Amino acid sequence: MKFHRCNLCGCVTHYVTTPKCPEKVVAVNMNMAPLDVLAAIPVREIDGANY
């Protein structure tokens with residue numbers, strides 16, 4: 001994985017997989033998003049035990 005950080009505070013903003021990984025994955029640190037943006041994102045809860 002290749003981690004990307006904020007130039008100002010150093011927090012990880014997101015990461016992407018590299019060509020060595022079998023799947024393409026992008027993950028975004030939503031803890032850095034404004035609360036109004038977070039509130040507008042639909043949430044789908046998954047029961048991991050029965051998924």
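**Talking through the model**

Tutor: Let's start with one residue. Tyr 15 has a relative accessible area of 25%, so Tyr 15 is partly exposed. Keep in mind that this is a predicted model.

Student: Predicted, okay. What is the mean pLDDT of the protein?

Tutor: The mean is 88. Of the residues, 94% reach 70 or more.

Student: And where is confidence lowest, and where highest?

Tutor: Lowest is S3, with a mean of 90. Highest is S1, at 95.

Student: How many bridges hold S1 and S2 as a pair?

Tutor: Four bridges, antiparallel. The two strands form a hairpin, with six residues between them. Gly 10 sits in that turn and has a positive phi of about 85°.

Student: And S2 with S3, how many bridges there?

Tutor: Three, again in the antiparallel sense. Strand S2 covers residues 12–16. In this pairing, Val 16 stands opposite Val 26 of S3.

Student: Back to Tyr 15. Which residue stands opposite Tyr 15?

Tutor: Phe 3 does. The count of aromatic pairs in the model comes to one. It is made by Phe 3 and Tyr 15, with ring centres 5.4 Å apart and planes at 55°.

Student: Why is that pair called tilted?

Tutor: Look at the angle. Planes under 30 degrees apart count as stacked and over 60 as edge-to-face, with the rest tilted. The planes here are at 55°, so the pair is tilted.

Student: What does the pair tie together?

Tutor: Phe 3 is in strand S1 and Tyr 15 is in strand S2, so the pair ties together parts twelve residues apart in sequence. Phe 3 is partly exposed, at 47% relative accessibility.

Student: New topic. What does His 14 contact?

Tutor: Set aside its neighbours within four places in sequence. Then His 14 is in contact with Lys 2, Phe 3, His 4, Ala 27 and Val 28. His 14 is found in strand S2. Its relative accessibility is 28%, so His 14 counts as partly exposed.

Student: How far is His 14 from Ala 27 in space?

Tutor: They are 5.4 Å apart, C-alpha to C-alpha. In sequence, 13 residues separate them.

Student: And Val 43, where is that found?

Tutor: Val 43 is in the segment after helix H1 (35–39). At 72% relative accessibility, Val 43 counts as exposed. From Phe 3, Val 43 is 40 residues away in sequence and 25 Å away in space, C-alpha to C-alpha.

Student: Buried or exposed, or in between, for Cys 6?

Tutor: In between: Cys 6 is partly exposed, with a relative accessible area of 24%. Cys 21 is partly exposed too, at 27%.

Terms used. Residues are numbered from 1 along each chain as its sequence is written. This is a predicted model: local features need pLDDT of at least 70, side-chain atom pairs count only at pLDDT 80 or more; totals for chains, interfaces and linings use all residues. Side-chain values use heavy atoms; hydrogens and water are left out. Two strands pair if DSSP finds at least two bridges between them. Rings of Phe, Tyr and Trp (its six-membered ring) pair if their centres lie within 6.5 Å; planes under 30 degrees apart count as stacked, over 60 as edge-to-face and the rest as tilted. Buried means under 20% relative accessible area, exposed over 50%, partly exposed in between (1.4 Å probe, protein chains only). pLDDT is the predictor's confidence in each residue, from 0 to 100. Contact means heavy atoms within 4.5 Å.
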